[in-house]
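Student: I would like to learn how to read the sheets, helices and ring pairs of a protein model. Could we go through one together, feature by feature?

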Amino acid sequence: MFKEVPFESVQNVYASESFAKDNVALLDGYRYEVVRDDIFERMSDTKTPQGILASVSMPRYSMDDILGKRHAPLIVVLENIQDPGNLGTIIRTAEGAGADGIIMSRDTADIFNPKTVRSTMGSLFRMPFVYAEDICAAVRNLSDKGINTCAAHLEGAEEYYNIDYCLPTAVLIGNEGGGLTKEITKAARSRIKIPMRGKLESLNAAVSTAVLLYEAARQRELKAR
């Protein structure tokens with residue numbers, strides 16, 4: 001994870017004595033401070049720290065960073081995602097599927113929560129993101145720009161695989177327990193659903209995001225051939 005951070009973003013580096021002894025090459029080029037192992041354990045918020053900590057400048061992005069990357073952007077819109085691990089997994093998945101960025105409501109979990117940061121496995125430093133003061137207004141703005149805003153909803157009118165994701169697309173994912181609110185669902189252009197078998201009602205938010213984004217990636221890959 002440490003090596004995933006852009007070099008220019010690293011501000012301070014701390015290494016435990018045992019880590020520094022065995023990882024000289026990893027630390028090469030960085031100014032770092034070595035601390036006793038017992039002190040390092042108290043500095044870390046994990047039970048089994050890897051032996052290296054760094055303070056890093058927070059990445060900052062704008063809507064232009066998300067919308068200006070290509071002609072047909074693929075965007076993730078998150079409303080009130082509460083679990084930091086879920087959020088981190090979504091960010092990691094978004095990068096893997098080739099999404100252009102993530103727009104989050106203000107009540108979504110803190111993207112800089114340590115659990116979120118760890119869950120992204122470095123994607124945090126490569127996936128543009130913004131928090132929207134008014135998420136419904138942000139969705140309407142996307143629609144006004146010609147982006148198909150698709151709300152993942154249990155009462156969706158279309159199965160997710162029937163949507164043309166080669167067009168400019170934003171997929172809307174809601175809270176783990178309650179899903180998308182009525183307000184943001186109404187603001188979306190369309191409602192889509194992931195068919196459920198058995199007695200399930202819904203999937204985990206991160207899993208749902210993965211299903212939708214990789215269908216988009218599949219369609220776009222086929223079109224590019």
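This is a predicted model: local features need pLDDT of at least 70, side-chain atom pairs count only at pLDDT 80 or more; totals for chains, interfaces and linings use all residues.

Student: Which residues of α5 are buried, and what covers them?

Tutor: The general idea is that an α-helix has 3.6 residues a turn, so residues three or four places apart point the same way. In this structure the buried residues of α5 are P84, G85, N86, L87, G88, I90, I91, T93 and A94. Their cover includes the strands β4 and β5 together with the helices α6 (114-120) and α9 (205-224).

Student: What is found at the start of α5, and what follows the helix?

Tutor: At the start, a side-chain oxygen of D83 comes to within 3.0 Å of the backbone nitrogen of G85. After the helix comes G98, which has a positive phi, near 85°.

Student: Let us turn to the sheets. What is the strand order in the open sheet of seven strands, and how do those strands pair?

Tutor: In general, strands of a sheet pair through backbone hydrogen bonds, either parallel or antiparallel. Here the seven strands follow the order β6-β5-β4-β9-β7-β10-β8, and the pairing is parallel. The edges are taken by β6 (129-132) and β8 (158-159), each of which has a single partner strand, so one side of each is left without a neighbour in the sheet. Within this sheet, β7 (residues 148-152) and β10 (residues 190-193) run parallel and are joined by three bridges, with C150 standing opposite S190 in β10.

Student: Which strands does helix α7 lie across?

Tutor: Helix α7, residues 135-144, lies across β4 (74-78), β5 (101-105), β6, β7 and β9 (169-173), and α7 runs at about 160° to β4.

Student: How should I read the open sheet of three strands?

Tutor: The order is β2-β1-β3, and the pairing is mixed. The edge strands β2 (32-35) and β3 (52-56) each pair on one side only, and neighbouring strands of this sheet are turned against each other by 20° on average, with direction ignored.

Student: How many aromatic pairs does a search of the whole structure find?

Tutor: A pair of aromatic rings is described by the distance of the centres and the angle of the planes. The search finds five aromatic pairs. In one of them, F2 and Y30, the ring centres are 4.8 Å apart and the planes stand at 55°, so the pair is tilted. This pair links distant parts of the chain, since F2 is in the segment before β1 and Y30 is in the loop between α2 (24-27) and β2, 28 residues apart. F2 counts as buried at 12% relative accessibility, and Y30 counts as buried at 12%. Ring pairs also link F2, F7 and Y30 into a cluster.

Student: What are the centre distance and plane angle for Y61 and F129, and where do these residues lie?

Tutor: Their ring centres lie 5.3 Å apart with the planes at 70°, so this pair is edge-to-face. Y61 lies in the loop between β3 and α4 (63-67) while F129 lies in strand β6, so the pair ties together parts that are 68 residues apart in sequence. Y61 counts as partly exposed at 26% relative accessibility, whereas F129 is buried, with a relative accessible area of 7%.

Terms used. Residues are numbered from 1 along each chain as its sequence is written. Side-chain values use heavy atoms; hydrogens and water are left out. Two strands pair if DSSP finds at least two bridges between them. Helices (H or I, at least four residues) and strands (E, at least two) are DSSP runs, numbered from the N terminus. Contact means heavy atoms within 4.5 Å. Axes are lines fitted to C-alpha atoms, for helices over the stretch in contact, and angles run from 0 to 180 degrees between N-to-C directions. Buried means under 20% relative accessible area, exposed over 50%, partly exposed in between (1.4 Å probe, protein chains only). A polar contact is a pair of N or O atoms within 3.5 Å; within protein, one must be able to donate a hydrogen and the other to accept it, and residues adjacent in sequence count only if both atoms are side-chain atoms. Rings of Phe, Tyr and Trp (its six-membered ring) pair if their centres lie within 6.5 Å; planes under 30 degrees apart count as stacked, over 60 as edge-to-face and the rest as tilted.
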